[in-house]
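Work through the exercises below with the model open. Each task is followed by a stepwise solution.

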Amino acid sequence: MNEPSGPSPTEVIASWLPYDARFRENAVRHALADPSGRGLHRYVDRLARGNDDGPLTEDGLRTMAAIREDLAGRPLASVDWRFVRERLVSDPDRARPPSSHVSHLSSSSRNSARR
């Protein structure tokens, strides 16, 4: 069976979400409210569809398009949400990671994560 090349969906989300200041606060709130990660999954799924608490800005929409591209058609349901949750709640104020941690993200999502 051929596996898609590149990072797993868990790696894509875990390398983006904890470091994107535009979405981190809401993501941490959802992660803390539900230890199973289901609430975090619902939040990110709404983001990926272009809507969280309202329509996303053009920059947010570009970021979500880059994340979908990085997922390469693989579903968010395959993400290990407990792992992503742990990354978020273990140190929610951490600085952006060294570029090596996000090197697999497309340039659009890397640039968005820096803002």
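**Exercise 1.** Find the residues in contact with Arg85, leaving aside neighbours within four places in sequence.

Solution. Contact means heavy atoms within 4.5 Å. Step 1: locate Arg85 in helix α5. Helices are DSSP runs (H or I, at least four residues), numbered from the N terminus. Step 2: list the partners, which are Ala31, Leu32, Asp34, Pro35, Gly37 and Leu40. Step 3: check polar atoms. A polar side-chain atom of Arg85 lies 3.5 Å from the backbone oxygen of Asp34.

This is a predicted model: local features need pLDDT of at least 70, side-chain atom pairs count only at pLDDT 80 or more, and totals for chains, interfaces and linings use all residues. Residues are numbered from 1 along each chain as its sequence is written, and side-chain values use heavy atoms, with hydrogens and water left out.

**Exercise 2.** Is Arg85 buried or exposed, and which side chain of opposite charge is nearest?

Solution. Step 1: Arg85 is buried (under 20% relative accessible area, 1.4 Å probe, protein chains only). Step 2: the nearest opposite charge is Glu86, 4.8 Å away. Step 3: Arg85 has no salt bridge (a Lys or Arg side-chain nitrogen within 4 Å of an Asp or Glu carboxyl oxygen).

**Exercise 3.** Which residues of α3 are buried, and what do they pack against?

Solution. Step 1: α3 spans residues 38-48. Step 2: Gly39, Leu40, Tyr43, Val44, Leu47 and Ala48 are buried. Step 3: they pack against α1 (9-16), α2 (21-33), α4 (58-71) and α5 (81-90). Step 4: take Val44. Beyond four places in sequence, Val44 is in contact with Ile13, Trp16, Leu17, Leu76 and Trp81.

How values were computed. Buried means under 20% relative accessible area, exposed over 50%, partly exposed in between (1.4 Å probe, protein chains only). Helices (H or I, at least four residues) and strands (E, at least two) are DSSP runs, numbered from the N terminus. Lys and Arg count as positive and Asp and Glu as negative; His and the chain ends are not counted. A polar contact is a pair of N or O atoms within 3.5 Å; within protein, one must be able to donate a hydrogen and the other to accept it, and residues adjacent in sequence count only if both atoms are side-chain atoms.
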